[in-house]
Amino acid sequence: LVKDGVAYLNSDRTLRQVYPLELGYTHGEEKRLFEDLTELLAALNEEKMSEVAVIAKAMEEKKNAALAQGQDHLDAREFDKARHVFKAITDEFPQDSELRSEIGEKVLGAGLFEDAAEHLSAAVEIDPQAINVYNRLAIALRKLGRFDIAEGYYLKALPMAPEDPYL
C-alpha cells in the first residue's frame, strides 16, 4: 500500500514540477520516507505561498489602479464615472474595509458627502474596530446635517481611543 502511494506521487507530473526528486520507499525505511514527505510538503507550501503572493499583489494593483482612476474622474468633476469605477471595485472586493475607507476619503475630499457616508459606513460595518473611520464618517454626516447620527459615531469611537484629540 505504501509503495503504491509512493508510485502514485512519483507519477504525478504536476508534483514533479514542484518537487523533481523521486520518492523512494523500502520496507523498514519509513523514517526516511517521512523525512522525504516532510521535505515535499515544505516545497508544496513554498510554491503555494508564492502563488498567493502573486495573486495578492495583483489584487492590490487592481485596487490601486481603480482608486487612481476614480480619483482622476473626481478631479475632472466626472462624478458619475467615479461612482461607476468605485462601485465596480467594491463589488469585486465587498469585504475590504480599507478599500471602502479609501474611497470614502476620496469622495469626502470631492465634497460628495452622501457617497462618503455610504462608503465610510460600509467600512465601519465591515471593521467596527477601524477607529479612524468613525471620525471621517462623522464629518461626512455633519456635512449632511445629520448631527445626531454623527455624534453617535463619535461616541462609539471615544471608548476605543479616549486619547484621540480628533474625537
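Colleague: In which helix is Asp 148 found?

Modeller: In this predicted model, Asp 148 is found in helix 8.

Colleague: What makes Asp 148 count as buried or exposed?

Modeller: Its relative accessibility is 68%. The term exposed applies over 50%, so Asp 148 counts as exposed. The C-alpha atom of Asp 148 is separated by 9.6 Å from that of Ala 138, and the two residues are 10 apart along the chain.

Colleague: How do you know whether the chain is a compact globule or more spread out?

Modeller: The chain contains eight helices and zero strands, in the order α-α-α-α-α-α-α-α along the sequence. Its radius of gyration is 26 Å, whereas the globule rule gives 15 Å for 167 residues; the value is well over the rule, so the chain is more spread out than a compact globule. Along the principal axes, the C-alpha atoms fill a box of roughly 80 × 40 × 25 Å.

Colleague: What share of the residues counts as buried, and what does the chain expose?

Modeller: Of the 167 residues, 34% count as buried. The chain exposes about 11,000 Å², and carbon and sulfur atoms supply 55% of that area.

Colleague: What makes a set of residues a nonpolar core, and which residues have the most contacts inside the largest one?

Modeller: The members must be buried residues of the listed nonpolar types, joined through side-chain atoms within 4.5 Å. The largest such set has 31 residues, and those with the most contacts inside it are Leu 74, Phe 86, Ile 103, Val 107, Leu 137 and Tyr 153. Two or more residues each come from helix 3 (30–75), helix 4 (79–92), helix 5, helix 6 (113–126), helix 7 (131–143) and helix 8 (147–157). Helix 7 gives the largest share, seven residues. Another core, of eight residues, lies apart from this one; among them are Leu 15, Leu 23, Tyr 25 and Leu 33. As a general background, nonpolar side chains in soluble globular proteins tend to be buried together.

Colleague: Which residues does Tyr 153 touch, not counting those up to four places away in sequence?

Modeller: Tyr 153 touches Ser 121, Val 124, Tyr 134, Leu 137, Ala 138 and Leu 141 on that count.

Colleague: Why is Ser 97 called buried?

Modeller: The relative accessible area of Ser 97 is 16%. Buried means under 20%, and therefore Ser 97 is buried. This residue is found in helix 5 (residues 97–109). Not counting residues up to four places away in sequence, Ser 97 touches Ala 123, Ile 126 and Asp 127.

Colleague: What makes Ser 101 buried or exposed?

Modeller: Ser 101, also found in helix 5, has a relative accessible area of 13%. That value is under the 20% cut-off, so Ser 101 is buried. Leaving aside neighbours within four places in sequence, Ser 101 is in contact with Leu 120, Ala 123 and Val 133.

Colleague: What is the phi of Arg 77, and where is this residue found?

Modeller: Arg 77 has a positive phi of about 60 degrees although it is not a glycine. Most residues other than glycine have a negative phi. Arg 77 is found in the loop between helix 3 and helix 4.

Colleague: How do you know whether Arg 77 is buried or exposed?

Modeller: The relative accessibility of Arg 77 is 61%. The cut-off for exposed is over 50%, so Arg 77 counts as exposed.

Technical notes:
Residues are numbered from 1 along each chain as its sequence is written. This is a predicted model: local features need pLDDT of at least 70, side-chain atom pairs count only at pLDDT 80 or more; totals for chains, interfaces and linings use all residues. Side-chain values use heavy atoms; hydrogens and water are left out. Helices (H or I, at least four residues) and strands (E, at least two) are DSSP runs, numbered from the N terminus. Buried means under 20% relative accessible area, exposed over 50%, partly exposed in between (1.4 Å probe, protein chains only). Contact means heavy atoms within 4.5 Å. The radius of gyration is taken over C-alpha atoms; the globule rule is 2.2 Å times the number of residues to the power 0.38. Accessible areas come from the Shrake-Rupley method with a 1.4 Å probe; for residues, only the protein chains shown count as cover.
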